[in-house]
Amino acid sequence: MALARLTGVTYLDPDAAWPGFVLYTATDGVTRLIDLTGAVRHEWPYAGVPARILDPALNNGVLGEVVVQLSAVPDSQGGIYANRTVGRVSWAGETLWEWGSEAPGGAARQNHDWELLPNGNLLLLVTIPRVVPALGDNVVGDQGLYEVSPDGEIVWEWRAGDHLDEFGFSDEGFEQLRAAANRDPDGPWGYLEINSAKSVGPNRWHQADPGTVFAPDNIVIGMRKANIIALIDRGSGDVVWRLGPYFPATPGAEHQRIVDHRLPRPLDQISGQHNPHFIAEGLPGAGNLLIFDNQGGAGYPPAPLGIYAGSRVLEVDPLTREIVWQYTAEDSGQPPWTFFSSFVSNAQRLPNGNTLITEGMQGRLFQVTPDGRIVWEYLTPYAGKGVAGEPEVTTLRVPGVDRLTDTHMIYRSQAVPFDWVPPGTPHAETPIDRRVG
């Protein structure tokens, strides 16, 4: 029998929380839009990795349209190989556009991220099964990017395996990368596990210097297994800016992560990070990089991690490479390990300066103020069966090792303005306090 778990909204301060909806896919395969009281205001019977509502400003004013995964590859091993088609679905649930069967190999293999571009095309993070000569003779799950036009044509492509010498690996690190790729060439997550891809977007760095590497159409990617955040030049495909994979040693990190709360300070070791992206114009911190630093095991070679460490959300000035804002559990008066997700998760800056955080491994969503005060907290009540947090992926099981478990994992969440969905969609923001202790 499963132990009881507190679910739903545990706390809401409507005077301090940013008012809006929150969208996320639960492990039961349903994408739901909730308000700040936790009430489900709309849902789609599809999963998304991630599911997101499109910005009407980029979508001809259309409200409530989402991009989700529509069909799976039969007998897939899951992970980065599982998605056959991705599509745009209306508020009413009608499929408006579907892509994947015309992709190389007959499947989109979209995973981890996508973006609607200002020109109407979709930027998709995909898996490309192929031989990468630098890694050996085996076909591996190389990860790359497709830009797909509305008529389904791939108009731009980038493949990570063509740029391995630009990622900054030491000789030892590259040999470990090569060994990992050959040890499990068909592994479900890929040898780099790129988990995010976002255009830089208009920013103050480019406005001040049009020749900067932070051009709006350049793309920032995060490599979870390699502890690398890299910027891709759209013209050349080259990596023109990078954080990681290695950072100066932090004294005491081999025993306990020592968090220096003085800011700014140089960025120290990130590990297993998710969803690095440039904060958009008009939001507090615009032009800085927002990172969910999982502090989960990762790296070639593996990064040293603190025994008592937790996860962190970091805001980094890309010019100075300094942390200018951070959130840890200690900022909410809790021990660092009480905020921890070794995989998945994301953070999103909100218009009032708050940050929406997805502590994905725990199925927990919460808003914090700039000084770390939690003003909204929600724990999903929806669960599914999975292995190591991956729902409905029974083929990933290793006989005698893995067992199916109930999981409330959330990959990502999205804060959604009220005016991005059809008028009249109900919502409520009444004070709630169900916190225990």
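Trainee: Quick one to start: is R312 buried or exposed?
Mentor: R312 counts as buried, because its relative accessibility is 2%. Keep in mind that this is a predicted model.

Trainee: Okay, and what does the R312 side chain meet in a salt bridge?
Mentor: That would be D268, with 3.0 Å from N to O. R312 is in strand β20 and D268 is in the loop between β17 (265–266) and β18, so the pair ties together parts 44 residues apart in sequence.

Trainee: Is D268 buried or exposed?
Mentor: Buried, since D268 has 10% relative accessibility and the cut-off for buried is under 20%.

Trainee: Why would side chains pair like that anyway?
Mentor: Side chains of opposite charge can pair when their charged atoms come close.

Trainee: How many salt bridges does the structure hold?
Mentor: There are 18 of them. One of these joins R52 and D113, whose closest N and O atoms are 3.4 Å apart. R52 belongs to strand β5 and D113 to strand β9, so this pair ties together parts that are 61 residues apart in sequence.

Trainee: Are R52 and D113 buried or exposed?
Mentor: Both R52 and D113 are buried. They also belong to a network of salt bridges that links R52, D113, K198 and R412.

Trainee: And what about R159, which side chain does it meet in a salt bridge?
Mentor: R159 meets D162, at 3.4 Å from N to O. R159 counts as partly exposed because its relative accessibility is 29%. D162 is partly exposed too, with a relative accessible area of 42%.

Trainee: Changing topic: how much space lies in the second largest pocket?
Mentor: About 1,300 Å³. The pocket is lined by 43 residues, and the closest to its centre are D55, E115, K198, A280 and W420.

Trainee: Which elements give two or more residues to that lining?
Mentor: They are β5 (52–53), β9 (110–116), β13 (194–199), β18 (274–278), β22 (346–349) and β29 (413–416). The largest share, four residues, comes from β22.

Trainee: How does the lining of the second largest pocket split by class?
Mentor: It has 24 nonpolar, 10 polar and nine charged residues.

Trainee: Last topic, the surface. Which residues make the nonpolar patch of about 350 Å²?
Mentor: I307, Y308 and W337 make that surface patch.

Trainee: Where is Y308 found?
Mentor: Y308 sits in the loop between β19 (289–293) and β20 (312–317). Y308 counts as partly exposed because its relative accessibility is 36%.

Methods: Residues numbered from 1 in each chain as written. Predicted model: local features only at pLDDT ≥ 70, side-chain atom pairs only at ≥ 80, totals over all residues. Heavy atoms only, no water. Patch = residues over 30% accessible without salt bridge, like charges linked within 9 Å, V, L, I, M, F, W, Y side chains within 5 Å. Areas by Shrake-Rupley, 256 points an atom, 1.4 Å probe, with all protein chains shown as cover. Salt bridge = Lys/Arg side-chain N within 4 Å of Asp/Glu carboxyl O. Buried < 20%, exposed > 50% of the residue type's maximum accessible area, 1.4 Å probe, protein only. 1 Å grid on protein atoms, 1.4 Å probe; cavity = no way out; pocket = protein on both sides within 12 Å on 5 of 7 lines; lining within 4 Å. Points joined across faces, edges and corners; volume = space filled by probe spheres on them. Nonpolar A, V, L, I, M, F, W, Y, C, P; charged D, E, K, R; others polar.
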